[in-house]
Amino acid sequence: SLFALSVRPIWGIDYYINDKASNFHRWGGLEGFAYVGTVFGAYSSLRDNHEEQVMTESMYFNQRQGAPQKGSTKGGIDYSEARGGLMLSWKWGAFGAVKDHEVWGNNYYGSNILSGRTPSFAHLKLQLKPVRWFEFNYIHGWLVSEVVDSSRSYWDGDAYRAIFYNKYIAANMFSFFPVKHLSVSFGNSIVYSDMNVHLAYLIPFLFYKSVDHTLNATNSAGYTGQNSQLFIDISSRNIKHVN
């Protein structure tokens, strides 16, 4: 009743074949979870993957999750992914630090808000649902820019140590459920760089485009600001068999 722990092996394969060729994706590893009481929980997952041919290339129309394309062999790709997190949960909310995928928005073939198709990234996560008719979600994540900062990169012997620019994401979404089977959500997000983590983007309820105007105010014609987004999501299942 106080403590639980589970560890289990993972192994799986996707195999594709048609008249002209075949392809497969194979993975294996371990995953586990634990909790103490009704408040603290943790989970972890490690999977080693091999794809005979990279299925996330632009020539394919699918919803497969992306992966760092390093260590390729024989035209395929080998990669590992570690996911996990620590969460504190209570009756009307949860908060924690996780490295995982996030999917926001109703959809049938890929959400335009947060699709979950990126490699998993580390982020702080907050979810609040104090009443039946309202829910709030927020994340602040640490991204991999893959943009080299030449001023911080250096040679270490014969190896060039490439240091990337910092890059982060902050996003929030307010969801309302005025009647049964109807949800109306709106929110905003920003992908920002050229600075360290900023306290303003750690405040969950802000309009981040306005924050960006304050932080990057300039009279210069070259002002571009950070990469901000607005979104709205409406889903109605009030008519039977129709969404």
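Trainee: How many bridges join β10 to β11?

Mentor: Please note that this is a predicted model, in which local features need pLDDT of at least 70 and side-chain atom pairs count only at pLDDT 80 or more, while totals for chains, interfaces and linings use all residues. Residues are numbered from 1 along each chain as its sequence is written, and side-chain values use heavy atoms, with hydrogens and water left out. Strands are DSSP runs of E with at least two residues, helices are runs of H or I with at least four, and both are numbered from the N terminus. Two strands pair if DSSP finds at least two bridges between them. Here 10 bridges join β10 to β11, and the two run antiparallel. In this pairing, K167 has S193 in β11 as its bridge partner.

Trainee: What lies between β10 and β11 in the hairpin?

Mentor: Five residues separate the two strands, and H181 in the turn has a positive phi of about 75°. β10 also pairs with β7 in the antiparallel sense, over nine bridges, with N137 opposite M173 in β10.

Trainee: In which order do the strands of the open sheet follow one another?

Mentor: The order of the 10 strands is β1-β2-β3-β4-β5-β6-β7-β10-β11-β12, with antiparallel pairing. β1 (3-17) and β12 stand at the edges with a single partner strand each, so one side of each has no neighbour in the sheet.

Trainee: Which residues have the most contacts inside the largest nonpolar core?

Mentor: A nonpolar core is a set of buried Ala, Val, Leu, Ile, Met, Phe, Trp, Tyr and Cys residues joined through side-chain atoms within 4.5 Å. The largest one has 15 residues, and F136, I190, Y192, Y201 and Y208 have the most contacts inside it. The elements giving two or more residues to this core are β6 (121-131), β7 (134-142), β10 (167-176), β11 (182-193) and α1 (208-215).

Trainee: Where does Q226 lie?

Mentor: Q226 lies in the loop between α1 and β12 (227-236). Its relative accessible area is 12%, so Q226 is buried. The side chain of Q226 reaches the backbone oxygen of S193 at 3.1 Å.

Methods:
Buried means under 20% relative accessible area, exposed over 50%, partly exposed in between (1.4 Å probe, protein chains only). A polar contact is a pair of N or O atoms within 3.5 Å; within protein, one must be able to donate a hydrogen and the other to accept it, and residues adjacent in sequence count only if both atoms are side-chain atoms.
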